[in-house]
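Welcome! Open your viewer, and let's walk through this model together, one selection at a time.

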Amino acid sequence: MNEKILEVQSLQKYYGKRNAVTKALDGISFHVAQGEFIGIMGSSGSGKTTLLNCIAAASRPTGGKILMKGQEIGALRGKKLADYRGTSIGYLFQNFELIDNLTARENIMLPAAIHNMMGKGGEQRIQELTDYLEIKDILDKYPSEMSGGQKQRVAAARALIMNPEIVLADEPTGALDSKNAKALMNKLCGLNEMQKSTILMVTHDPNTASYCSRILFIQDGVIFHELRRQVPDEARDDFYERIIAVLAQLGGGSANVL
């Protein structure tokens, strides 16, 4: 059994007061092992992105705990909190979030520059990532000169440049066409399999989710179902069909659940 890297214990996130309380997260508990690729699915407003934001320490929970390798992140302050956000977590956004006046190389290296780690194997790391992600030829281009698929692969390199403990991906294929979405997922899957990168991904798309090894389905702020890829390695097409079957059982079809 791989090391337990992330633990979420009875996590709550409430908004509002008294009779107008919205329970975005209402007691979620799960753990992530080193090298897992986990998908999070649920309807709009089910708490998926709120969960990622709490894990990234961008939002403070109302109750419960989040532990990264046994360290409660809610207790982190100052430099330790900044280091956690900058080096333990890599974040991959739906809309890329690249800085327009920086080149691809500068965007990728931005986390290393912020944390004064440019000289610690940074150049070798960027060569490895850009070779693998097939973006080496656009390192001197600006975001306005890139396709959507290239932008997201640059964003993926930025999320991975610091060798984070875990990558949080929020709808990473949401702004891509099917060809680029498939290419990105193949790359993320390869990183997970070859480098044992740990990935926690929010997605509404069953096809994207089928690349994962485990899926947590969230509804009304709680986990109401969990689906694991069967062993020995279950074909992705078969896992996709099981995802669709779960969605159909839980909500009458993916249109209702997602």
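How many bridges join strand S4 to S5? Select residues 63-68 for S4: two bridges link this strand to S5, and the two run antiparallel. Here strands are DSSP runs of E with at least two residues, helices are runs of H or I with at least four, and both are numbered from the N terminus. Two strands pair if DSSP finds at least two bridges between them.

Before going on, note that this is a predicted model, where local features need pLDDT of at least 70, side-chain atom pairs count only at pLDDT 80 or more, and totals for chains, interfaces and linings use all residues. Residues are numbered from 1 along each chain as its sequence is written, and side-chain values use heavy atoms, leaving out hydrogens and water.

Zoom in on Met68, which stands opposite Gln71 in S5. Now show the whole open sheet: its four strands follow the order S2-S1-S4-S5, with antiparallel pairing. Strand S2 (22-33) and strand S5 (71-72) are at the edges with a single partner strand each, so one side of each has no neighbour in the sheet.

Next, select Glu171, in the loop between strand S7 (166-170) and H6. Its phi is near 50 degrees, a positive value in a residue other than glycine. Glu171 counts as buried, at 12% relative accessibility (buried means under 20% relative accessible area, exposed over 50%, partly exposed in between, with a 1.4 Å probe and protein chains only).

Finish at Asp220, in the loop between strand S9 (214-219) and strand S10 (222-228). Asp220 also has a positive phi, about 50 degrees, without being a glycine, but this residue is exposed, with a relative accessible area of 60%.
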